[in-house]
Every structure is written in C-alpha cells, then in structure tokens.
Amino acid sequence: MSAALVEARLGRKPQDMLEAAVVLEAWAGIPPSRALASGRALMPASPDASQPSTGRVAEPPPRRRFALEAFALGVSVVATALWAAPLRATIGAEGLRDALAIALPLALGLQWGLSSRYLSRTAGAAVLAGHRAAIAAGFTLLVAAPTCALGATGLVAGLLTVLWTGGTLLIRGGAALVYATAVTIATAAVLDGAPALIALGVLAATIAAVALRRPRSTARVTPGRWDRALCAAAIGMLLGLLLVGDGSLGWIATPGEALLLVPSIVAGAWGSARLWQLPHTLSASLSGVRLTERPGALALGILGRALARTVAAALTLSLLAAELVPRSESGAARAVALTGFGLLAVVTLLASVLESLGRGGWTLAALGAGATVEVLAPPSFSGGALVAGAAVAIVLLLPAAIGPLRRPAVTLATGVWIP
Amino acid sequence: MPERRTRVLLTTEGTYPHELGGVSSWCDLIVRELTEFDWLVLPVIAPHGRPPLYELPSHARALPPIEVWSERRPRRERRVRVETDIPAVLARELLGWEGATDAVVGAWLRCRRSPAGVREAFRSRRAWAAYLEALGEVLGERIPEAGTPPELDLVEAAELYQTLYWIARTAAAPTPAVDVLHATAAGWSAIPAAVHRALHGTPMVVTEHGVFVRETYLAAVRRGESAGRRFTATRLARGLTRVAYASADVVAPVTDANAHWETGLGLDPAKILVVYNGLGHAGEPTPPPARQRVVSVGRIDPLKDIHTMLRAAAATLELVPDARFEHYGLVTPGEEAYGRSCELLHQRLGLGDRFRFMGRTSDPLGVVRGADVVLMTSISEGLPMAILEAMGEGRPVVATAVGGVPDVVRGCGIVTAPVREREIALALTTLLRNPDLAARLGRIGHRRLGRLFNQAACVGGYRELLHAAGAGRDGASRPALRVAA
C-alpha cells in the first residue's frame, strides 16, 4: 500500500528511503517515526541499475530590439561621419583629430565598463538610471575636464563622449528610436547650415537629459564587480586606441573616409548578433553528456559562425564602400584602410568573447600588444599600422578564445561559473 | 570589574534580518528578549541589493553577510594555499551516503585558513578532474536504503561543482570571537558555526524550525527536476545536516515531530532539546464573529498546498454555501508560477468572491480574530506560528497532520490527513455548523497556548540553553548542557 502510494505520488520509484519517508509524511499523514521506518522498508534489497539523467538547460530569454539597436548604432556612425566636415570647419582638422582621439577611446571605455557592471544584466539599464546624480556628475565632468584642458577641441571631445555614452544608455535602456531620431534631426540641422558646435552641444545635452529621465527600476540588481568593470573599460579604451592609433589614416578628418568605418561596424554588429547565446550554448553542450564522455564543441561553432559572418559582411560591405564612397586617396590605401577596419571588427568580437569568459587579463595583454605594434609600426603606407596592430591582436586573441570553447566542461565549471 | 557579557553568534540563511517569515520572527523575538547576551548576526544570503528588513536592537549587531552565488571574490592573501583536493573531498564526503563528517570539517578548516586559495583551487583543472573521479565513486555506491544514484551528466556535475564552491566559500568566511554559536538551521547557516567550533571549541547550538533535509526533499519532489539535480540537491542537504548534527552540542527542534526526523537522520538523542515556539499570551479571547468565515494565513507556496485549500473550500461551499474564505499572504518569491496556478484553479472552481486572496497583512492577530475557523493545509510544517496565533485568539483550527501540527492542535481543533480535501471540508463543515463546538475548541486552544506554547517559556528555554552553553567561556570548565530527548 505504502509503496503504491509513494510511486503514485512521485510517478516513479523513490530515489531513496528519505524521499519515500517524506512522501509518506507529507501526502499520507504518516507520523515521521513510522514514515522513516516505512521508507527504509520500501527500498529494494538489491539496488536497480543506474539510469542516465539529463540536466536540461533553460533557454535564455530572447534578445529583443536587436535590429533597432543596430539601426541606432548605424545612424550614430553615419551621423558622426557627416559631422566631420562642419566640425573641422569649426575647430580645424588638427582639433577634430585630437577630439576624436580623446572621445573614441573614452566613450568605448565607458560603454564597455558600464556594460560589464550594469547594461549586460537584466534590468541593469533601469537600475543604472537610478544613479542620476552620479550620471549627471559624470556627464558634467566628461565635458568640463577636457574643455578646461584643451578649449574648443576638448569641448568637442567631451560632447562627443557624452553623446556616444548617453546614446548607449538610451539604446540599451530601450530608447534606441529616441536616440536615432534626435541624432538624425541634429544632423539634418547641421547639414542645413546650423552651427556645428551649438548643434552638437544641444544634441549632447538632449541625450544626457533623456538618459537622466529614464524610468528607474524597482528591481534589485546586484551590479557586476568593480574590478571586472574596470578591466572591461580598459579593453574598450584599448579598442578605441587601436581605432585612432594609426596617424596615417585620414578617416577622422574627412567625412568620406569616416564612412569607410561603416562596413566594419555593421559587420561586427551582425557577426556578433548571436554571441549572447554563448554562455547558454556552453552549458547546453554538456547536457546529456556522461562524465566520462567528451562534449561536442557547440560553442566553438557559434564563435566560428560569428567570425565567418563578420568577415563575409566586412568583405562585401567594404567592396561596396570602396566603390560608392567618394575617393580622396589611392585604391591601395583605401583597401588597406578597409582591411584594417575589418580586422578591428574581428578583434572587437574576439575581445567580447574572451571578456565574457572571464579572460579579461589576457584580452588586455593582447590588445596592449596590438596597440603597441600599431604605434611603433613604421608609417610606410596609410593604414598599415592599424592592419599590423589588429593582426597581432587577432593572433593573440584567437587561440585564447578557441581553447576554452573546445573544452566546454572545464571552461564552464572552473571559469565561467567560478567568477 | 564587571562581568563580561556572553557573546552569541547567530548564523542565519536567507532569513533574518533580510527576509520576513516565521524563522525571522523567531530570531527577532529571541534577539530582542534575551538582552543579557551580546548578539552578532551573521546572515548567509544570495545577493539581492535590498537592505535588511529588521532593525537590530542595541545589544545586537549585524555582521557583513556571507554572499553566496555572488561575483564577489575572496580577499587577497600574501600566501595563497591552493589545495586542489578540496572539491573531491567535499563531493565524496558530503554526497556519499556514509561520508565522513570529520573529513568535511577538515576540508572546511583548510578553506578557512586560505580563503583566496578556495577560488584558485576550484578554478584548477586538476581539481575538476579529481572531483569528477570522486563523484564517480559516489555514483557507484550501491547501498539498499540509499537507492541507486542516477548517472549524472556534465551539466549536472558542473552545477554541483559550483554549489560545492559556494559551500567552501561559506566555510572560508571569517567569524568573530564569541562564546556561543547558534545556527538557525542544520544547513548552510551551520557551516560557519561548524568551522568556528572546530577551530576554537566554542559550543554550538542548532535550532531546527523545519527539518532542512525534509524540506529539501519536498522542494526537489515538487520541482520535478531531473533525477541528477534531485539527487545532488538532496544528498547535499543530507550531507550538510549530518555535519551540523555531528558538530552541534545541542540541537533544539521546535517540535517533537522534528526530533523524530533528527534521530532518524542519525542524531544522538542525547543532543536533542525540544524548545517549543511560543506566542505572547493574549487576553481573554473575543467571541467569534459567527459569520461562517474561514481564514488562513501563510505564504502562497507549494509547501502550504493552496491547491488543496481551494478544493477544500469548494467542497465546503457545497455543504455550507454561506461560508466565506480569506487567505492572507503573498506568493513566495520564485514561486510565481505556483501563484498563477492557484489563481487559475480558483477560476476553474468558480469560487469567485467566496474565496478571496487578501494579500499581505500587517495584523495577523486581527485577521485571525475576525475568523470563525482558522485553516491550514500545509504538507510541511515545524510548529506553525499561524496555529499559535489562532489559539491565542481562541479560534478553532482545521489543520493537516504534518510536522508538529498534531502535537499542537491536540484538543483545540481538527487534524486531517494532508491533501485530502474532502476530509478537510468535512472538518470545516463540522465546525461551521456547530458554533458551540467551535467555541469550546477555541477556548481549549487558548488555555493550551498559555500552558505550553507561551512566549515566556520559549524565550526562557533559550535563555537557559545559551547560559549553559556559554558558562564555560574564558577557559572555565563548562557544565554539561542539560538536554532531554
């Protein structure tokens, strides 16, 4: 009778005597003293054969609004390219070069750091929005400090940093359309003859104000570790340095050349679109695999496909850009520049994979080596230093990304899950 | 020179002072009432960013919580000792049916001596390989009463490895110098206490409100997880409980029913001292409202079996159409799906306004006072405060025979088998149709509360226990703790 009751309640045989006793007490009202004895008596004298168990891994929540986020990013890149000429007219070519050399690494560093600590977490953007005083102080400092140091050049650098960082807050906070609309309107105004510096100031102030007025979350999210966020910020800054470190490139001074960045950015965004599934794939690849078996490298497949998509898209879009964007340099120089930007998209993808696997230290070292090579490379031809620096970074990053993904069990158990 | 006050380290897990609930209320009562002790409260919690819900009195101090499943790293050390056998030892001895509890404590002591080494050890490939080997040994055990372990897959093994890491991190957490250790469950909260006791010989008391192992089994059964996850969760709970029992000088269950489980799990009966929960004695009870009103108070949680409560209500309403049911309490965090299933069942049974979910109440005594009968349909309980509150207000109880409920509701209500909605409905109908009987049972309960389950006796029991435990501090010989099975 007891055995039938226990099996009926569980829909299977009890795991052990304690489970049988718990069922007898909870669902049959048998007092614990008797339930324990009955539970023991229910277990077979000779144990059954072991049955395989499969730990299912819950599907990750779908990432919504990805297309909208990519669109907002594309608008931002194109707008930045179109702002180049009016800004150069205001602060000079050297001034714009310096402003971008400051703003790009700084903004990328902030974006990576904030993403690690807040934005990559569920409700993280809304939780960050709760820190309004800190965000306002940060935006103020980002504009005031470079302005005091460098005057108009610093002001442009600060405003661009606020614009791109605030844009990230809006895009990740679900207001990508608001950001894209504001940038489009401001760009149209500038192209229509509005003073570039004033338009940039109004746009940056608008984006900052909208970012500060985002709804706060009632959810409690524990932010990421400071040391990891700082490491991510350093990775972002080094990627920015790689982008602006090759002085031979004219892309930061002319609008046409700046548009050459679009293929690599679009390719990078498209290529890494599925990378958010990587942690899930790592654990899913272990599901149903016995302790003595070797799991398949599903996660490696995700990385491979991401790299293939990035390279294919960068190649295709670069060929289009090479023909469509007005040319001010030789064909070879343009090809080298596009190659450099494409390689940088691959570097960014690999860096994000390694950072998510908790290998920030190695990523920093690889990017540092790449940036050093870029700076030290002889200026033999335009874009050559960027190609050399990015290539070195890829050579160092690629094996470091492949290795852990080939050993998903070890990587998950001893790395990802032991932060 | 004034005598130094006895310092008590109260270790909690997921309860006081960060969460509301029965255990937290009990902790708050003990800490507030026992003013002669200096209390240090050490919570083990998963990080949630919320501030504590309880404000501690001046003679108590909250220590920084031990955060598990967080991203926080252990403090840096000059000389890190990386002992890669620790995961394997924990797997073998915590999960093994006959694992050695002293080996677990030994491994925990090594974690305590080099907290930074714990992370390094668990991150090493050698530790993972040794762990898999040890886990294979455990899965190969064939002991009749232990059943046959399932063949785990790698994802289940990795999840267990991560849990063992957090157990090791909990063991590695520092504890302050104290005279008595008081763990509030024979689970995670007992880990820092067991380590401290092994290091310093400080006497250790464990209070069990529910039975940690039993509740873990119940949770595993109702979650319907894979056989591997069920196996690892329950075996770990059993392993932690065995270590807690082996380390404790006294285990103080809140009801005799828990004591049966404890002895069944191998605890020496000489270590058991039952200290009943208690309630401040109310004045003379007010007459029942005579409105056929049935009230229940508790979380909306599978352990409370709200489904049976709804079905019992529907069955009762067939016989007593004027009856009205009110349930006070919120859905347990993480059990939102169960909460939705209760709403769906409520709709399907067509209960409408005749059974209302009232949400949280800040006045549990007031809502009980407004009841003619108090209902409880749990499948797991220790000594539920809701029943004591009903007794305090002189209201009869219909409750399921689980845990300490039959011992409490003796002569002051009707006890039924769990899950049997028809039996429960019959008991409710009996009391609703016989108000004289209901009133008499309520009066008996009120008297019984004052005699057996009063707050003064509960607090006094712990006062005596903690004084006895702390009597041997500063090297003086400690009198043996007086315990009774």
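Trainee: What share of the contacts in chain A with a separation of 6 or more comes from residues 24 or more positions apart?

Mentor: This is a predicted model, in which local features need pLDDT of at least 70 and side-chain atom pairs count only at pLDDT 80 or more, while totals for chains, interfaces and linings use all residues. Residues are numbered from 1 along each chain as its sequence is written, chains are lettered from A and ligands numbered from 1 in the order in which they are written, and side-chain values use heavy atoms, with hydrogens and water left out. A contact means heavy atoms within 4.5 Å. Among contacts in chain A with a separation of 6 or more, the share from residues 24 or more positions apart is 77%.

Trainee: How many helices and how many strands does chain A have?

Mentor: Both elements are DSSP runs numbered from the N terminus: helices are H or I with at least four residues, strands are E with at least two. The C-alpha trace of chain A spans about 90 × 45 × 35 Å along its principal axes. Of its 419 residues, 49% count as buried (under 20% relative accessible area; exposed is over 50%, partly exposed in between, with a 1.4 Å probe and protein chains only). The count for chain A is 18 helices and 0 strands.

Trainee: In chain B, how many of the 8 residues of strand β1 are buried?

Mentor: Strand β1 of chain B covers residues 6-13. The strand is mostly covered, and the number of buried residues is 7.

Trainee: Which residue of β2(B) stands opposite Leu10(B)?

Mentor: Two strands pair if DSSP finds at least two bridges between them. β1(B) and β2(B), residues 37-45, pair in the parallel sense over 8 bridges. Within β2(B), the residue opposite Leu10(B) is Val41(B).

Trainee: Which residue of β5(B) is the bridge partner of Val8(B)?

Mentor: β1(B) is also joined to strand β5 of chain B, residues 180-183, by 4 bridges, and the two run parallel. In β5(B), the partner of Val8(B) is Val180(B).

Trainee: What handedness has the β-α-β unit of β1(B), α1 and β2(B)?

Mentor: View the unit with the strands pointing away from you: if the path from the first strand over the helix to the second runs clockwise, the crossover is right-handed. The helix here is α1 of chain B, residues 22-33. The unit it makes with β1(B) and β2(B) is right-handed.

Trainee: Is Asp28(B) buried or exposed?

Mentor: Asp28(B) sits in helix α1 of chain B. Leaving out residues up to four places away in sequence, it touches Tyr16(B) and Tyr54(B). The peptide bond from Tyr16(B) to Pro17(B) is cis, with omega near 0°. Because its relative accessibility is 14%, Asp28(B) counts as buried.

Trainee: Which are the edge strands of the open sheet of 6 strands in chain B?

Mentor: The order is β10-β9-β8-β11-β12-β13, with parallel pairing. An edge strand here pairs on one side only. The edge strands are β10 (355-359) and β13 (413-416) of chain B.

Trainee: Where does Arg324(B) lie, and what is its relative accessible area?

Mentor: Arg324(B) lies in strand β9 of chain B, which runs parallel to β8 and is joined to it by 5 bridges. Not counting residues up to four places away in sequence, the residues it touches include Arg293(B), Leu317(B) and Asp353(B). Arg324(B) is partly exposed, with a relative accessible area of 35%.

Trainee: How are α11(B) and α12(B) oriented to each other?

Mentor: The axes, lines fitted to C-alpha atoms over the stretch in contact, have angles running from 0 to 180 degrees between N-to-C directions. Those of α11 (residues 306-319) and α12 (residues 336-348) of chain B come within 10 Å and cross at roughly 10°. Angles under 35 degrees count as roughly parallel, over 145 as roughly antiparallel, 65 to 115 as roughly perpendicular and the rest as oblique. The two helices are therefore roughly parallel.

Trainee: What is the phi of Asp305(B) near?

Mentor: Asp305(B) lies in the loop between β8 and α11 of chain B. Asp305(B) is buried, with a relative accessible area of 10%. Its phi is positive, in a residue other than glycine, and is near 45°.
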